[in-house]
Amino acid sequence: MIDVTEQKRRVAVIGGGITGLTAAFYLQQQAKDQKLPLEIVLIEATHRLGGKIQTFRKDNFIIERGPDSFLDQDRVIEELAKQLGMENQIISKVPGKTYVAVNKQLSPIPDGSILGIPTEIMPFAKSDIISWSGKVRAACDLLLPPSNVKEDQSLGGFLRKRFGEEVVENLIEPVVSGVYSGDIDQLSLHETLPNLAEACLKHRSVIRGIQKENSQLKEGTLESTFRTFKYGLESLISALEKSLEMAVIYKGVRVESISKVQDQIILLLNNQNSIPVDGVIVATPHHVATKLFKHEGLLKSLLDIPVKTVAAVSMIFSNNAIKKKFDGDGFVVSRNSDYSITACSLIHRKWPHAIQEDCAVLKSYVGRSGDESIVELSDNEIEKVVLQDLHGMLKIDEKPINTIVSRFKDSMPQYTIGHRIRVEQAKKELHASYPTIRLAGNSYEGISLTDCIVQGKKSATEVLASIFQTKLYL
């Protein structure tokens, strides 16, 4: 039996995206398991929950406006789904090939590649993406001494030292940028691909390291098994919301500031009301979190985390719209190509259950690092640009039956060099002033859905432990 005070405590979760929802879910679960006297308040500034997860359902179509799948090597989402009674709704992507667009040519990524890095000799040797001189330079990774990876450095710089310019520009960069939505010359090696650095140090070469450490490095790559829910990712959001019987949920209400009066934390809302609480989980983007403590000057280091703006453009065509012979289920685009699209998924091939049989759905992404102005165009203008690219690559020459444009303004945090130091400094400052407040979300310790869920659960455990002054057992 845990010895806790009978006085009811209140925890607020600010932000109703996947991180905030799972934080509230695990607060409730642990409170029930430990018989803790707890009230939960979930506050979301918009009028819907789910954040970037939003599923368009109409006429037998299930189309994701934001993320459309997840990787779950540690079975984090599978376990959450079991607790929500929806584990039978998880389905896997139909296997298929991924291509890369270099100049005006679509070529399959060589078999055995991990994040575009070649690990099998024959498929790479036969590929027409890289010249013979480029292939010889890439093979030098096997001969070079191990790189110094103790100090953080740019991912792009590290990869170029190992493989040369051509392989990085035409193969690795398009794949990595497709996964992390950023500029590899700005992204941190240690924060994006720490296993890659460790494998190189341990096995002398990146290629050898991947061959030895394959299972660890596959997570987060195009070679992993992508999964989703049969009725769309938003079904997970709905299930989480429905499960929160202990929580009071406010939508369309924004927290303006957080302050402290004696031993209690006060949340000031935009409707001029205030809520006294004992603990808080801030599950908002980092630039929103900084505004909550602006009057105290906390979290300033988070302002140095850059963000990226992207747009997803889903187009519905007739099933014979693709005139080019193409057996892939998607492609990524080299940044030295004359295209605005950065990546494209053929949803009807990856997730046929979600699309009418007589239709094709292509989901394209626009908004390259350093050139995000396209996202500011009107829906019609973006549609024209994407259609022009699709015509050049897949010979699509008809107008879409329907187009769904989804913009994500300043929503993709970039883990640049020094990211971990900035986050640790902010959390240390916050803990010194507010021991019962935690930060969680894709701005801090991972951008994937799985990472966000792990952070939500961890923050719930830590806040309850700090409030009730006891160790909780999950």
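How many bridges join β1 to strand β13, and do they run parallel or antiparallel? There are 4 bridges between β1 and β13 (residues 279–282), and the two strands run parallel. Before I go on, this is a predicted model: local features need pLDDT of at least 70, side-chain atom pairs count only at pLDDT 80 or more, and totals for chains, interfaces and linings use all residues. Residues are numbered from 1 along each chain as its sequence is written, and side-chain values use heavy atoms, with hydrogens and water left out.

Some terms, then. Helices (H or I, at least four residues) and strands (E, at least two) are DSSP runs, numbered from the N terminus. Two strands pair if DSSP finds at least two bridges between them.

Back to β1 and β13. Within this pairing, Val 11 is opposite Gly 279 of β13, and Ala 12 is opposite Val 280 of β13. On another pairing, β1 is joined to strand β2 (residues 38–44) by 6 bridges, again with the strands running parallel. Ile 14 has Ile 43 of β2 opposite it.

Buried here means under 20% relative accessible area, exposed means over 50%, and partly exposed is in between (1.4 Å probe, protein chains only).

Now the whole sheet. It is open, has 5 strands, and its order is β9-β2-β1-β13-β19 with parallel pairing. At the edges are β9 (247–251) and β19 (437–439); each has a single partner strand, so one side of each is left without a neighbour in the sheet. On average, neighbouring strands of this sheet are turned by 15 degrees against each other, direction ignored. For angles, axes are lines fitted to C-alpha atoms, for helices over the stretch in contact, and values run from 0 to 180 degrees between N-to-C directions.

Helix α1 packs on the sheet and touches β1, β2, β9 and β13; the direction of α1 makes about 170 degrees with that of β2. Contact means heavy atoms within 4.5 Å. Helix α1 spans residues 18–34, and together β1, α1 and β2 make a right-handed β-α-β unit. Right-handed means that, with the strands pointing away from the viewer, the path from the first strand over the helix to the second runs clockwise.

Next, a single residue. Ser 243 is found in helix α11 (residues 234–243). Is Ser 243 buried or exposed? Ser 243 is buried, at a relative accessible area of 16%. Leaving out residues up to four places away in sequence, Ser 243 touches Phe 25, Gln 28 and Leu 84.

On to the helices. In helix α5 (residues 155–163), 7 of the 9 residues are buried, so α5 is largely enclosed by the rest of the structure. Among the buried residues of α5 are Leu 155, Phe 158, Leu 159 and Phe 163, as well as Arg 160 and Arg 162. What covers them includes α4 (132–139), α6 (165–180), α7 (189–192), α8 (194–203) and α9 (206–212). Just after α5, Gly 164 has a positive phi of about 90 degrees.

One of the covering helices, α6, holds Ile 172. Ile 172 is buried, with a relative accessible area of 0%. Not counting residues up to four places away in sequence, Ile 172 touches Leu 115, Gly 116, Ile 117, Leu 159, Phe 163 and Val 167.

A further strand is β17 (residues 359–366). Of the 8 residues of β17, 7 are buried, so β17 is largely enclosed by the rest of the structure. Strand β14 (residues 307–318) is joined to β17 by 8 bridges and runs antiparallel to it; Ser 314 has Lys 363 of β17 as its bridge partner. Strand β16 (residues 341–346) pairs with β17 over 5 bridges, also in the antiparallel sense, and Ile 341 is opposite Val 366 of β17.

Last, the chain overall. The chain has 16 helices and 19 strands. Buried residues make up 57% of its 474 residues. Of the contacts with a separation of 6 or more, 75% come from residues 24 or more positions apart. Along its principal axes, the C-alpha trace spans about 70 × 55 × 40 Å.
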